[in-house]
Amino acid sequence: MRQDQHSIELQTRGAGLYEFTDHVAAFVADSGIETGLVTVFCRHTSCSLLVQENADPDVQRDLKGYFARIAPEGMDWIVHTTEGPDDMPAHIRTALTQSSIGVPVGHGELLLGTWQGIYLFEHRARPHRRQIVMHIIGE
Amino acid sequence: MRQDQHSIELQTRGAGLYEFTDHVAAFVADSGIETGLVTVFCRHTSCSLLVQENADPDVQRDLKGYFARIAPEGMDWIVHTTEGPDDMPAHIRTALTQSSIGVPVGHGELLLGTWQGIYLFEHRARPHRRQIVMHIIGE
Amino acid sequence: MRQDQHSIELQTRGAGLYEFTDHVAAFVADSGIETGLVTVFCRHTSCSLLVQENADPDVQRDLKGYFARIAPEGMDWIVHTTEGPDDMPAHIRTALTQSSIGVPVGHGELLLGTWQGIYLFEHRARPHRRQIVMHIIGE
């Protein structure tokens with residue numbers, strides 16, 4: 001049994017989904033591990049992770065639209081406003097999605113479904129550099 | 001340290017929760033692993049996974065009811081409508097729940113709480129065959 | 001490759017976020033594992049887990065406020081009411097957050113971001129004792 005670990009940085013340009021399946025797939029390939037488990041972890045609390053459809057870009061647009069509606073800027077009961085009007089909604093959207101995702105590996109590849117991609121979901125309005133840690137264990 | 005991996009298919013019959021704890025427990029037993037970690041992964045973006053109460057079936061009914069209300073069919077701002085009115089709400093409900101869940105194993109059994117079961121949460125209206133990948137590592 | 005596993009109990013005093021990062025960090029340190037993966041699992045269906053900001057306590061207050069609004073007590077269509085008015089909202093809030101979280105370990109420490117803490121999110125109104133299982137694998 002072996003393991004490997006690697007960090008990457010992704011540059012975002014405003015709220016929305018940023019696919020980075022290729023980075024995770026390359027990490028799996030580089031590890032040489034054929035069967036195992038990859039865990040992807042987001043080191044922030046105002047962006048998150050999703051496994052979602054990578055076929056029609058409208059799905060990503062609608063996901064962004066939904067979270068902008070369900071946790072909008074300007075909720076008048078919010079107390080934490082010092083970091084800007086988009087900060088607390090970003091924390092909430094992060095809580096509603098995920099900070100870590102585990103994906104099984106088989107035949108040296110991510111066992112994602114046909115239409116699945118791995119996304120960083122940026123919830124802040126301004127550009128950010130985001131750190132993602134990937135860990136793989138297997139043989 | 002050892003690992004094992006297995007895929008199963010579950011048949012759904014419309015939106016709702018389908019418990020498959022028994023499948024995961026059987027996989028753990030077959031592996032012979034006494035202590036470790038099981039990861040369950042859903043290979044789709046319009047159904048998802050939940051650990052939820054398996055005592056009162058009304059809990060499952062209310063969970064289905066809640067997600068039908070919080071991400072209903074017919075939201076008029078949705079762009080992705082080509083796969084049917086239930087498709088984009090299904091992607092949203094998937095984003096609000098989980099695609100992968102890790103459960104520790106001890107004494108050869110899933111360390112679930114007394115009332116916990118592992119569920120596939122189907123979000124589409126029509127019947128589907130759904131693929132779940134299970135991975136276990138431990139000794 | 002080695003692994004370790006440990007259960008803890010946390011006492012809650014009503015709905016809200018309870019940080020237990022220190023417990024997980026101590027578990028990692030005690031294991032002696034330098035590089036690997038920790039998985040934290042919540043053995044209940046009316047409380048859940050979150051990785052969230054541990055800098056400004058108002059973030060935790062607003063998260064509590066948000067989930068009280070998005071899944072409030074008193075929704076009139078709820079069927080499962082036998083365990084009290086806060087029980088079904090608690091199941092829903094659990095479904096909207098997470099029951100298990102994986103965090104990579106490096107240099108013998110949790111690879112959390114600067115502002116990240118690991119929280120138990122209690123959704124019930126009365127005090128409860130909550131069981132959390134921690135599993136680590138690595139070397």
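Author: Begin with one helix. This is a predicted model. In H3(A), the buried residues are Asp87(A), Met88(A), Pro89(A), Ala90(A), His91(A), Ile92(A), Arg93(A), Thr94(A), Ala95(A) and Leu96(A).

Reader: What do the buried residues of H3(A) pack against?

Author: Within chain A, they pack against S4 and H2. From chain B they meet helix H3 (87-96), and from chain C strand S4 (47-53), helix H2 (57-70) and H3.

Reader: How should I read the relation between copies?

Author: Two copies of a chain are related by a rotation about an axis and a shift along it. Here, chain C is superposed on chain B by a rotation of 120° with 0.0 Å of shift along the axis, at an RMSD of 0.0 Å. That is the relation of a three-fold axis. For chain A on chain B, the rotation is 120°, the shift is 0.0 Å and the RMSD is 0.0 Å.

Reader: Which residue of chain A comes closest to the rotation axis?

Author: Leu96(A), with its C-alpha at 3.3 Å. Leu96(A) is also one of the buried residues of H3(A). In chain C, the residue that comes closest to the axis is Leu96(C), at 3.3 Å by C-alpha.

Reader: How many residues of chain A and chain B are in contact?

Author: Chain A brings 36 residues and chain B brings 32. About 2700 Å² is buried between these two chains, with 62% of that area from carbon and sulfur atoms. Met1(A), Asp62(A) and Tyr66(A) supply 22% of what chain A buries against chain B, more than any other three residues.

Reader: What about salt bridges and polar contacts between chain A and chain B?

Author: The count of salt bridges is 0. There are 14 residue pairs in polar contact across this interface, both residues at pLDDT 80 or more.

Reader: Which elements of chain A supply at least two residues of the side that touches chain B?

Author: They are strand S3 (36-42), strand S4 (47-53), helix H2 (57-70), strand S5 (100-106) and strand S8 (127-138). H2(A) gives the most, with 10 residues. By type, this side of chain A has 18 nonpolar, 11 polar and 7 charged residues.

Reader: Now the side of chain C that touches chain B. Which element gives the most?

Author: H3(C), with 6 residues, gives the most to that side. The contact takes 33 residues from chain C and 36 from chain B. Chain C and chain B bury about 2700 Å² between them, 62% of it on carbon and sulfur atoms. Gln3(C), Phe41(C) and Trp77(C) supply 21% of the area that chain C buries against chain B, more than any other three residues.

Reader: And how do the residues of that side of chain C divide by type?

Author: Into 16 nonpolar, 14 polar and 3 charged. The salt-bridge count between chain C and chain B is 0, and 14 residue pairs are in polar contact, both at pLDDT 80 or more.

Reader: Why do the copies meet through different surfaces?

Author: Only 17% of the interface residues of chain A are also interface residues in chain B, so the copies meet through different surfaces.

Definitions and conventions. Residues are numbered from 1 along each chain as its sequence is written. Chains are lettered from A and ligands numbered from 1 in the order in which they are written. This is a predicted model: local features need pLDDT of at least 70, side-chain atom pairs count only at pLDDT 80 or more; totals for chains, interfaces and linings use all residues. Side-chain values use heavy atoms; hydrogens and water are left out. Copies are superposed by least squares on the C-alpha atoms of residues with pLDDT of at least 70 in both. Contact means heavy atoms within 4.5 Å. Buried area is the accessible area (1.4 Å probe) that two parts lose on being put together, summed over both. A salt bridge is a side-chain nitrogen of Lys or Arg within 4 Å of a carboxyl oxygen of Asp or Glu. A polar contact is a pair of N or O atoms within 3.5 Å; within protein, one must be able to donate a hydrogen and the other to accept it, and residues adjacent in sequence count only if both atoms are side-chain atoms. Helices (H or I, at least four residues) and strands (E, at least two) are DSSP runs, numbered from the N terminus. Ala, Val, Leu, Ile, Met, Phe, Trp, Tyr, Cys and Pro count as nonpolar, Asp, Glu, Lys and Arg as charged, and the others, Gly among them, as polar. Buried means under 20% relative accessible area, exposed over 50%, partly exposed in between (1.4 Å probe, protein chains only).
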